[in-house]
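Please open the model in your viewer and keep the selection panel at hand.

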Amino acid sequence: MRAAVQHETGRPRLEVRDDVEAVGFGPGKVRLRMRATGLCHSDLSAMSGVLPQLVPFVPGHEGAGEVVEVGEGVAGLQPGDRVLVCWLPPCGGCPACKRGQSQLCLASLMEAGTPNFRLGGADLFGFAGTGTFAEEAVVGAGCAVPIPDDLPYDIAALIGCGVTTGLGAALNTADVTAGSSVAVIGCGGVGICAIQGARAAGAAQIVAVDPVASRREAGLRFGATEAVPPEALADARARVTGGEGFDYAFEVVGTSATARAAYDATRRGGTLCVVGAGAMDDLFQINMFELFFDEKRILPSLYGGGDVLRSYERAIALWRAGRIDLAGLITHRVPLSGVNDALEQMRTGEALRTCIEI
Ligand SMILES: [Zn+2]
Ligand SMILES: [Zn+2]
């Protein structure tokens, strides 16, 4: 079957092959026929080595499709079921899951060293244990989450990562309050969902910050009250908040420089919510005096910062009610053979989300 392969870390382009095999099917597993997958920025970060990932591998972790085969002992799933892919499935039994913080469950990552695919007799890994840039994938049953009939595959795929991450940052982690002021630094697909979450929560002012003009325009389209390039953030902070700083600043890029900019944009006692996935050698610096004296709350948000299954349901409910726009996030569409075009659209900032139709 067809899949896109990253042979070694640092290569900018994927190779689309027709001779990849999805492996590992057995008890507790399901075989999926992928129908749609989004390209998330983390895929690029895994390809470049910013995020740790065994190579060679099949990228993609934001997908949806149908179940074609169900392994022994799997309850609640049948061939033909429509599902989205959860790349961090809750085990349900660990202390984090029991506390309702299933986004911190590490159980599925324990299998990260198990190959998900084979190519010409050699092992291939799947990014984050999934690998959705493939016609077929074998995943743990917990990774396959049934979706309602009215939810199209392309939107379901985005709920599997970007939508949940952005909305959850605003609604779970930061818990944005009505009437508040918000800045969102980084307006790709995830940042746009943080904007939509802040709007759904009733934020009064939402400033979208991005160097790319089309992304600033998208910010306005999805609920920002104004949009500025990074060099105009200090001015917007002075104008919008009277110089006090934003109640909430979201960092949705994943660098220490943007995290610092977001920290500086936050008011004393306000909340810096760090959503971007950054590198292990990129250090965020803050001095002990400001840390103590300004009492800013620094809240990292992983995969939406809450129970992921509940976050999916909330996203679907908000979408169905017309309170958030998810179809509008998909600005580009390509077939799997065009995956390198999708990478380019992400690198230039031209796409919010490219849907890869499989
Ligand atoms: Zn768990
Ligand atoms: Zn992602």
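A donor, in the sense used here, is an N, O or S atom within 2.8 Å of the metal, and water is not among the atoms, so a site may look incomplete. The model on display is predicted.

**First stop: zinc ion (ligand 1)**

Select the zinc ion (ligand 1) together with its donor residues, which follow the sequence spacing C-x2-C-x2-C-x7-C. These residues are Cys91, Cys94, Cys97 and Cys105, each coordinating through SG, at 2.3 to 2.4 Å. The angles among the four donor atoms run from 105 to 117°, and the site is tetrahedral. For reference, the ideal angle for four tetrahedral donors is 109.5 degrees.

Next, display the surface around two of these cysteines. Is cysteine 97 buried or exposed? Its relative accessibility is 12%, so cysteine 97 counts as buried, the cut-off being under 20%. Cysteine 91, at 42% relative accessibility, counts as partly exposed.

**Second stop: zinc ion (ligand 2)**

Move to the zinc ion (ligand 2) and select Cys40 (SG), His61 (NE2) and Cys161 (SG), its protein donors, which lie 2.1 to 2.2 Å from the ion. Their spacing in sequence is C-x20-H-x99-C. The pair of cysteine 40 and cysteine 161 links distant parts of the chain, 121 residues apart. Cysteine 40 is found in the loop between strand 4 (29-38) and helix 1 (41-48), whereas cysteine 161 is in the loop between helix 3 (153-159) and helix 4 (162-173). Cysteine 40 counts as buried at 4% relative accessibility, and cysteine 161 is buried with a relative accessible area of 5%.

Select residues 213-221, which form helix 6, and highlight its buried residues: Arg215, Arg216, Ala218 and Gly219. Because they cover an arc of only 155° around the axis, they lie on the same side of helix 6. Just after helix 6, glycine 223 has a positive phi of about 125°.

**Last stop: the whole protein**

Finally, zoom out and colour by secondary structure: the protein has eleven helices and 19 strands. Its radius of gyration is 20 Å, close to the 21 Å given by the globule rule for 358 residues, so the protein is as compact as a globular protein of that length. The C-alpha trace spans about 60 × 40 × 40 Å along its principal axes. Of the 358 residues, 53% are buried.

Notes
Residues numbered from 1 in each chain as written. Chains lettered and ligands numbered in written order. Predicted model: local features only at pLDDT ≥ 70, side-chain atom pairs only at ≥ 80, totals over all residues. Heavy atoms only, no water. Donors = N, O, S within 2.8 Å, 3.2 Å for Na, K, Ca; no water. Tetrahedral: all angles 85-135°; square planar, octahedral: opposite > 155°, others 65-115°. Buried < 20%, exposed > 50% of the residue type's maximum accessible area, 1.4 Å probe, protein only. Helix = DSSP H or I, 4+ residues; strand = E, 2+ residues; numbered from the N terminus. Arc of directions from axis to C-beta. Rg over C-alpha atoms; globule rule 2.2 N^0.38 Å.
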